[in-house]
Amino acid sequence: MPDTPRPEQLDVVIVGAGFSGMYMLYRLRELGMSARVIEAGSGVGGTWYWNRYPGARCDVESMDYSYSFSPELEQEWEWTERYPAQPEILRYAEHVADRFDLRRDMVFETRVSSAHYDEAADRWLVRTDTGHAISARFCVMATGCLSVPKWPEVDGVEEFAGRTFHTGRWPHEGVDFTGRRVGVIGTGSSAIQSIPQIAAQASAVTVFQRTANFSMPAHNRPLSKEEQADLKARYREYRQAARESFVGVPRPLPTRNALDVSHEERVQTYSAGWDYGGLFGLTGAYLDTRLSEEANETAAEFVRSKIREIVSDPEVARRLSPYDHPLGTKRPCVDTGYYKIYNEPHVDLVDVRATPITKVTPTGVQTSDATYEFDDLVFATGFDAMTGALNAIDIRGRDGAALKEKWAEGPRTYLGVSVAGFPNLFMITGPGSPSVLSNMMVSIEQHVEWVSDCLGHLKSNGLSTIEPTDEAENAWVEHVNEVGAATLYPKANSWYMGANVPGKPRVFMPYVGGVGPYREHCTRIAAEGYTGFVLA
Ligand code: FAD
Ligand code: N01
């Protein structure tokens with residue numbers, strides 16, 4: 001660490017300039033607090049700054065996946081498509097930064113390496129890789145749930161002589177695959193979005209699949225001016241319905257169990273969902289889909305039947321069909337032309353469970369039974385999700401205790417927003433909150449508003465410290481585990497469970513109790529004087 005001058009003195013330091021960090025800064029300015037955002041990238045947008053792979057797109061509709069805090073902003077911004085593509089979402093983030101003049105309190109290309117709580121001073125000392133040091137009363141981690149790329153644990157990756165790319169760190173200038181032989185490792189959302197686009201250019205694409213995934217068609221289309229005007233005319237009530245909803249998108253909740261209706265009726269419902277496009281038609285059709293394996297299997301089998309219908313080679317269709325986890329227990333995907341790309345003669349699928357990758361060589365990939373030669377390798381291997389970005393920072397609370405050690409057996413939080421032993425530290429969409437199980441814009445706004453209201457409360461009451469009690473944290477962790485265990489989620493080896501990262505504790509990290517009920521709970525806790533917290 002280079003010599004640092006006296007640390008910059010602030011009320012709040014915010015780590016991350018994605019949608020969470022941007023809105024946090026906006027709210028703190030409203031409170032008249034001094035704040036600085038530290039961001040590793042060279043611009044705002046977070047996820048949408050880093051994930052520039054071809055086909056990158058939101059699978060929550062644009063009119064839902066946008067800020068609601070400014071009626072003027074939501075009226076003036078025009079979306080062009082039902083599901084916005086990455087460049088459009090990034091333009092939106094940049095527009096927000098300009099419109100609210102956020103950049104003047106942001107520092108880019110700077111990574112926070114440590115955040116230590118100084119008990120005597122009751123302040124956080126935050127240090128960065130550029131030698132910048134900040135002393136702040138409060139620290140807000142807006143570091144993202146999916147911001148630390150996970151590379152494949154395969155020998156020889158660094159020996160590969162061709163070009164390598166990770167979907168979560170895509171070059172800003174784009175990549176031309178024309179005429180090239182491309183290997184893609186992974187079949188999660190990033191792979192499923194990018195493979196058809198890569199295949200449109202490449203001379204040959206070989207996909208290495210470890211786990212077959214469920215994907216539903218997006219049926220993306222341009223968004224008409226009339227549609228937007230119609231929703232904008234009733235945006236306030238629509239946003240309120242989103243806040244009160246289960247996943248952060250207003251939609252009618254299912255009223256019946258899949259197992260209580262006939263096979264014909266189920267197929268009709270699933271077909272309507274499939275034809276409408278998007279996530280919810282299949283995953284949210286019935287009450288028991290997330291709770292009963294038998295009910296879930298009816299939806300899962302419907303997707304498999306669609307794969308058999310689309311993919312002409314029955315053996316490839318079989319390999320693409322997921323059997324090892326219930327539908328929705330790994331994040332389901334939404335695609336444009338994914339399954340049908342396997343009908344192209346230049347696209348191959350390798351099942352690496354049957355024939356594991358043994359190593360990457362200078363010229364390609366070797367499996368237990370074949371050698372493949374490539375010009376380019378694309379790693380669509382995901383993220384160290386939910387805890388990765390927090391554990392990458394040396395965060396120390398009372399008595400120098402490390403957050404990483406506290407979380408050695410899995411994350412422990414109160415409400416997914418705070419941690420006992422770490423006073424005045426907040427997380428936006430942290431583990432133990434609905435976060436990744438929801439339209440994240442709604443969850444981000446809820447957390448940011450709860451945190452800024454809390455800081456406003458401390459300020460107006462002459463208080464300087466807030467910290468959850470061990471008892472409140474333990475009870476919340478128990479509740480999160482209990483509702484998670486009542487669902488099918490723990491049955492999958494998903495990143496929700498930490499199962500994608502070798503050595504990571506197997507714990508279901510998000511809160512599955514629903515966006516609306518969770519919001520109500522948080523609001524009640526604040527209204528009752530911050531139950532479960534000690535304020536000093
Ligand atoms: P991020 O956008 O991840 O921003 C966090 C920022 O913190 C990053 O810019 C990072 O560089 C910075 N940072 C982290 N650690 C440090 C550090 N130590 N020092 C400095 N800076 C740091 N959600 C949905 O609801 N719907 C979708 O359709 C959807 N699609 C997605 C598609 C992709 C490809 C991915 C990866 C995620 C998607 N998500 C989606 C989830 C998405 O992450 C959230 O919707 C949202 O963008 C998160 O915003 P954030 O600000 O909380 O985090
Ligand atoms: O990552 P993933 P992602 N050898 O973890 C495989 C959001 N998102 O970037 O399943 C071989 O889902 C791994 O295999 P397995 C969304 O929340 C949204 O695609 O672990 N394979 C898997 O197939 C999403 O869930 C959109 O067996 C290896 C893949 O790599 C989250 O971000 C778009 C391997 C990783 O899939 C993450 O998505 C993109 C290895 N060593 C992202 N290691 C939208 O559409 C990993 N894999 C909105």
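Ala, Val, Leu, Ile, Met, Phe, Trp, Tyr, Cys and Pro count here as nonpolar, Asp, Glu, Lys and Arg as charged, and the others, Gly among them, as polar. The model is predicted, so local features need pLDDT of at least 70 and side-chain atom pairs pLDDT 80 or more, while totals for chains, interfaces and linings use all residues. Residues are numbered from 1 along each chain as its sequence is written, chains are lettered from A and ligands numbered from 1 in the order written, and side-chain values use heavy atoms, without hydrogens or water.

By class, the shell around ligand 2 holds 7 nonpolar, 9 polar and 8 charged residues. A residue belongs to a shell if one of its heavy atoms lies within 4 Å of the ligand. E153, S190, Q193, T211 and K330 come nearest among the 24 residues. Polar contacts (pairs of N or O atoms within 3.5 Å) include one of 2.6 Å between a polar side-chain atom of S190 and a ligand oxygen. The side chain of W495 places an N or O atom 2.9 Å from an oxygen of ligand 2. The protein covers 90% of the 910 Å² of accessible area that ligand 2 has on its own (Shrake-Rupley method, 1.4 Å probe). Ligand 2 lies between domain 1 (8–148 + 385–535) and domain 2 (150–214 + 328–382), because both give residues to its shell. Domain bounds come from an automatic or database assignment.

Ligand 1 is surrounded by 32 residues. They divide into 17 nonpolar, 12 polar and 3 charged. T47 has a polar side-chain atom 2.7 Å from a ligand 1 oxygen. A polar backbone atom of V112 is 2.8 Å from a ligand 1 nitrogen. The protein covers 95% of the 970 Å² of accessible area that ligand 1 has on its own.

Notes: A polar contact is a pair of N or O atoms within 3.5 Å; within protein, one must be able to donate a hydrogen and the other to accept it, and residues adjacent in sequence count only if both atoms are side-chain atoms.
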